[in-house]
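Here's a quick briefing to read alongside the structure.

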Amino acid sequence: MRKILVLALSVCGLLISTSTVYSQQFKLNSSGYFQDRGVDVMAFADIYPEGHQGGVALIMHGHRVGTNGDLRFEPTPGQWQPLPKQKNRVADEATNTIKAYMAYPDSSKHLTGFNPMIYPDLVLNYEVTVKGVGNSIVVTVDLDRPIPQEFVGKMGFNFELFPGWLFGKSWIMDGQTGIFPQQPNGPTLAQEPNINHSTKMEFNARGKASAEHLVGKGYSPIVADDIVSEPYAIGKKFTVQPEDPYYRFTIETKGTDLKLYDGRMNHNNGWFVVRSEVPAGKTKGAIEWVITPNVVDSWLYQPVVQTSQIGYHPNQPKVAIIELDNRDTKVAKPALYKIGENGEELAFTADAQSWGKFLRYNYLKFDFTSVKGEGLYKVKYADSESSVFRIAKNVYDRGVWQPVLEYFLPVQMCHMRVNEKYRVWHDACHMDDALMAPTDFNHIDGYAQGSSTLTHYHSGDHVPGINIGGWHDAGDFDLRVESQAGESYILAMAYESFNVNYDATDINQITRITEIHQPDGKADMLQQVENGMLSVVGSYRALGRLYRGIICNGLRQYAMLGDASAMTDNLIGNDDDRWVFTENNPGRELSTAAAMAASARVLRGFNDTLSTQALEAARMIFAQYRDQNNMRLVGGLIQAAAELYLATSEDQYKNYLLDNTEYIGNAASRVGWYLGRVDKKLGNKKFTETLRKGLVTFSEQVNRQGAETPYGVPYRPSIWGAGWDIQSFGYRHYFLHKSYPDIFSADIVYNALNFILGCHPGLNTSSFASGVGAVSATVGYGLNRADWSYIPGGVVSGTALIRPDFPELLVFPFLWQQVEYVLGGGSSHYMFLVLAAQQLLNE
């Protein structure tokens, strides 16, 4: 290490004593964060603090170790606790400084929004200044006014430490020592909660949540500070992982003490938290921290070799992606090794092709498509290697798409007991569904009811006939109409496209018992289409319209982990019953109508009554909106008309499509994927020519999107990892390729599938499909996440983006934006892609 001897540095009024400073120190780079070789400090660049992505964040030698450095009202906040509003962020390379201008409250979140919060009665503006000073980062917080007395000891600067890297690792606080525990340990500390000082300001006149209802009785996830863990230690200087030079860092306070809390004491999904409280009467320099990460001078990101964790069909394109530190100038020659009974031998080698820079890494591509011999293989590059994978004609034939049907969809079934031999995944649940939701009410998780129930039922009425069918929406237990209808739609399309009559499960809608790995002589895929339609169509008939969804009525229920049957008592008409919501949303209704029409087609001859009811409901929704002369509805009407025409061959649907030929040509990028199946049946030359012209233009856009990344698919995550979007992209592309193979190649289908199966950015190359592949996401955000477990066939959301440029997939069951399962896509899109690849490669 190159060093410069110094006596002291004086910056921002702080004296930082040191004996050495690295010649390359923390500098603000062009990407807007501080960097010193393998250590990065982001500051207020991210957008999702409720998901542990925000504030000041620390990445050390390839791993994010801390985040959410900011002022908070609670020592260990969760996702429902008040968040500040970020008004502005200014990065100044000349002064090596980032300033974030913050404020409490955020009126857009108080008792409203997707996750309604209850704000304390405090109006506060503050600045957080983050500055690179030698080998340290100095964090200073200035307030526009002193903290009122009732919030002294309540407001503090928090820095969250990721627990997954810390279990069993050590810490030091002013000579006190400890080991980060696997589970939170007492004693607890009782204190007055902020809820006692809630703001009385009215930000939203109508449709807001009830603070009293959110708080409920007993333990409440929205009250995060009445009982917290007693700090493990209190002091002035805190060192994390002193035994490990790659992850050792210190935090030193120049003001109030540091306190080490365990956030899991009052939130199962909490992190460890280091905190300094804002002192009374102080505004300038209310918080002054010095964060000093240890920088290993010689460290380079080890090359990551990314391949499918399953493998490849002999006829499939085969490209390994090699991810490199952008400072790594050495280029090795990758090689493919075949593994036999006596070990491994070189099968193929070639120079890697340089792809260029993406996010923070450089990428190489190693194409071994020419290798078609069946067997076991792995790719090596320098000192790195891939997992073992297969090349075989039957590579997708067993245990790849089947777990979605065998495990995931059965386990997610609502109103059902689900057994797997000795195991009970969950008992019969939610048989008391559901009470009509209250009006003018903002609930949790995006549910809100307008000024009317839109039905003949009144708020609080029990709605009979909706306690059948459906799937829990993966990480949660609610039933959203787009998830239920969307899942049935994808399954129906898969059945029509691939004629899958696989049977491994006994599903009995009469006894409400499902037995995994107990065949009943019926196609599992059709039984699952039926399960979705029983909920969607049944609710439509019961309510006289579609539901928005069914969700538990309280936050304590919503946060419940474990057996779904524990949420309610299955007795109709009491306080634990779930609520059913309705809405005026023509776009969602029309997409549901399309799903019902497609489901009706495949259910003919399987459940004729349900097929007829689904088709009737789809017809009624289409007729309701057809003549409204609202251009915003045309896209939804076209999709519904397409599926209804395929289901009925009636001229009214054919004519609607032909009458909108010009619109369809201009909107080919959105509507082309499902109209290809209708095009030939319509037999109209003008329609075909107009659609094809639009699709040629769209294909150029698709090719540009695929070229954005070394993976051949666009990677554009917002909050959730991009896996679900990429699967949906590949799913739609299959239909474009099948209908117009001269315009669209099959490569997007294969690339999307490979992305899910392990060929994606970042250090973690696990298959997103749990239990599928040599290495897969076996810690998932499902009903058993508290046990750090998984549901086979569930597909996690995937690699997220820590802004601006760090791809991350943590092994941690409580990060919904990385490892959550989902309905209405996700697993079913993945299953579709596998079946599509299998079909295309065997043609």
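Which residues touch the most other members of the largest nonpolar core? They are Y396, M596, L675 and Y830, in a core of 183 residues. Keep in mind that this is a predicted model.

**Nonpolar cores**

- Take Y396, one of the residues that touch the most other members of the largest core. Setting aside neighbours within four places in sequence, Y396 is in contact with I310, G311, H313, Q316, W401, L753, L757, V834, A837, Q838 and L841.
- There's also a second, separate core of 56 residues, and L71, V141, L143 and F159 are among its members.
- As background, nonpolar side chains tend to be buried together in soluble globular proteins.

**Aromatic pairs and clusters**

- The count of aromatic pairs comes to 52.
- One of them is F159 with F249: the ring centres are 6.5 Å apart and the planes stand at 90 degrees, so this is an edge-to-face pair.
- F159 sits in strand 14 (residues 156-161) and F249 in strand 21 (residues 249-253), so their pairing ties together parts 90 residues apart in sequence.
- Y731 and F832 make another edge-to-face pair, because their ring centres are 4.8 Å apart with the planes at 80 degrees.
- Here the partners come from two helices: Y731 is in helix 13 (residues 723-739) and F832 in helix 16 (residues 827-842), so the pair links parts 101 residues apart in sequence.
- Y731 and F832 are both buried.
- Y731 and F832 also belong to one aromatic cluster, together with Y489, F498, W673, Y674, Y734 and F735.

**Charges over rings**

- K380 has its charged end over the ring of Y337, 4.8 Å from the ring centre.
- K681 does likewise with Y645: its charged end sits over that ring, 4.8 Å from the centre.

- Follow the order 10-11-12-13-24-21-20-15-16 and you'll trace an open sheet of nine strands with antiparallel pairing.
- At its edges are strand 10 (85-92) and strand 16 (176-179), each of which pairs on one side only.
- On average, neighbouring strands in this sheet are turned by 15 degrees against each other, direction ignored.
- At one end of the order, strand 10 pairs with strand 11 (residues 97-104) over seven antiparallel bridges.

- Strand 35 (residues 417-420) and strand 42 (residues 513-516) run parallel and share three bridges. V418 has T514 of strand 42 as its bridge partner.

- How many residues of strand 8 (residues 56-60) are buried? Five of its five are.
- Both faces of strand 8 are covered, with V56, L58 and M60 buried on one side and A57 and I59 buried on the other. In a regular strand, side chains alternate between the two faces of the sheet.
- Strand 7 (residues 39-43) pairs with strand 8 in the antiparallel sense over five bridges, and V39 stands opposite M60.
- Strand 9 (residues 63-72) runs antiparallel to strand 8 and is joined to it by four bridges. Here M60 has H63 as its bridge partner in strand 9.
- Two residues lie between the strands in the hairpin of strand 8 and strand 9, where H61 takes a positive phi near 50 degrees.

Definitions and conventions
Residues numbered from 1 in each chain as written. Predicted model: local features only at pLDDT ≥ 70, side-chain atom pairs only at ≥ 80, totals over all residues. Heavy atoms only, no water. Core = buried A, V, L, I, M, F, W, Y, C linked by side-chain atoms within 4.5 Å. Buried < 20%, exposed > 50% of the residue type's maximum accessible area, 1.4 Å probe, protein only. Contact = heavy atoms within 4.5 Å. Phe/Tyr/Trp six-rings, centres within 6.5 Å; stacked < 30°, edge-to-face > 60°. Lys NZ or Arg CZ within 6 Å of the ring centre and 35° of its normal. Pairing = 2+ DSSP bridges. Axes fitted to C-alpha atoms, helices over the stretch in contact; angles between N-to-C directions.
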